[in-house]
Amino acid sequence: MIDTHTHLYLQDAFPEQEGCDAVHRAIEAGVTRMIMPNVDTSSIASITAMRDKFPDNVFMAMGLHPTEVTDSWKHDLAIIEKHLDSVGMVGLGEIGMDLYWDASKRDHQIKAFKHQLEWAVERRLPVIIHQRKALQDTLDILKETDLEAIPAIIFHCFTEGVDSVRAIREIVPDAFFGIGGVVTFKNASDLKQAIPEIGIQRIVLETDAPWLAPVPHRGKRNESSYIPVIAGSIAEILGIPPTQVESTTTDNANQIFNLPVL
């Protein structure tokens, strides 16, 4: 299995050796590959160190998270761009729009998002999109992008309903949707109704660790070893065997990120 979105490298959540221990637990649980997206310039060193320790298991995506966009976004992007050719770098992310906490940087977020999408077009890289309370802005920007030049787009941490799936597909017909621990929550009825609309061929698994741990671990620190729990919940919703969820989502992730054959 593949966790397409995990932040086990974050020192605040996984201090000292705890991140490495979490990688080992994931591998033991059958989650043999993990995509670790960058969030800002300060996390580049730790994500690269994690990749160096687990070259067969850890792959990187580079990008400036929308909540980390400040007045110095151009300077930050210049630093991140230098790492786009790093060994183990397989995508751009996580990038996008987030107006949930603070909408005051909306204009900067738009410019930074567009700039990074230009990288994806130029380099033919898959994109991991973060959007929160900003779906229309996100889609408006994607309308202006040469999407045919981007191999794949994942709407990471998708938690919305059928209407949002359809709105996304009007702009990005072949979009993938990253489904995480929220699918196990009792109050996630919109997402559960959206899962059949999405279909297993367009789903990838993710934890977004250390956040949003699935039931029965809700409220605790999340980690990649919980991917089988998420797969089981999706299987139950779709009425298919967990092994089918595991194999299909693994194939999807391998296709998106062009991962080396094991």
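Modeller: One term first: buried means under 20% relative accessible area, exposed over 50%, and partly exposed in between, with a 1.4 Å probe and protein chains only. This is a predicted model, in which local features need pLDDT of at least 70 and side-chain atom pairs count only at pLDDT 80 or more, while totals for chains, interfaces and linings use all residues. Residues are numbered from 1 along each chain as its sequence is written, and side-chain values use heavy atoms, with hydrogens and water left out.

Biologist: Which residues of α8 are buried?

Modeller: Ile 227, Ile 230, Ala 231, Ser 233, Ile 234 and Ala 235. Helices (H or I, at least four residues) and strands (E, at least two) are DSSP runs, numbered from the N terminus.

Biologist: And what covers the buried residues of α8?

Modeller: The cover includes β1, β7 (176-179), α7 (189-198), β8 (203-205) and α9 (242-257).

Biologist: What follows just after α8?

Modeller: Gly 239, with a positive phi of about 70°.

Biologist: Changing topic, where does His 7 lie?

Modeller: His 7 sits in the loop between β1 (2-3) and α1 (18-28).

Biologist: Is His 7 buried or exposed?

Modeller: His 7 counts as buried because its relative accessible area is 1%.

Biologist: What does the side chain of His 7 make a polar contact with?

Modeller: With the side chain of His 5, at 3.2 Å. A polar contact is a pair of N or O atoms within 3.5 Å; within protein, one must be able to donate a hydrogen and the other to accept it, and residues adjacent in sequence count only if both atoms are side-chain atoms.

Biologist: Now the pockets. Which residues lie nearest the centre of the largest pocket?

Modeller: His 65, Asp 98, His 130, Arg 132 and Asp 208, out of 25 lining residues. The elements giving two or more residues to that lining are β4 (89-98) and β5 (127-132). The largest share, four residues, comes from β5. On a 1 Å grid over the protein atoms alone, a pocket is an open set of points where a 1.4 Å probe fits, with protein on both sides within 12 Å along at least five of seven lines; lining residues have an atom within 4 Å of a point.

Biologist: Which residues lie nearest the centre of the second largest pocket?

Modeller: Ile 150, Pro 151, Ala 152, Val 172 and Asp 174, from a lining of 13 residues.

Conventions:
Contact means heavy atoms within 4.5 Å.
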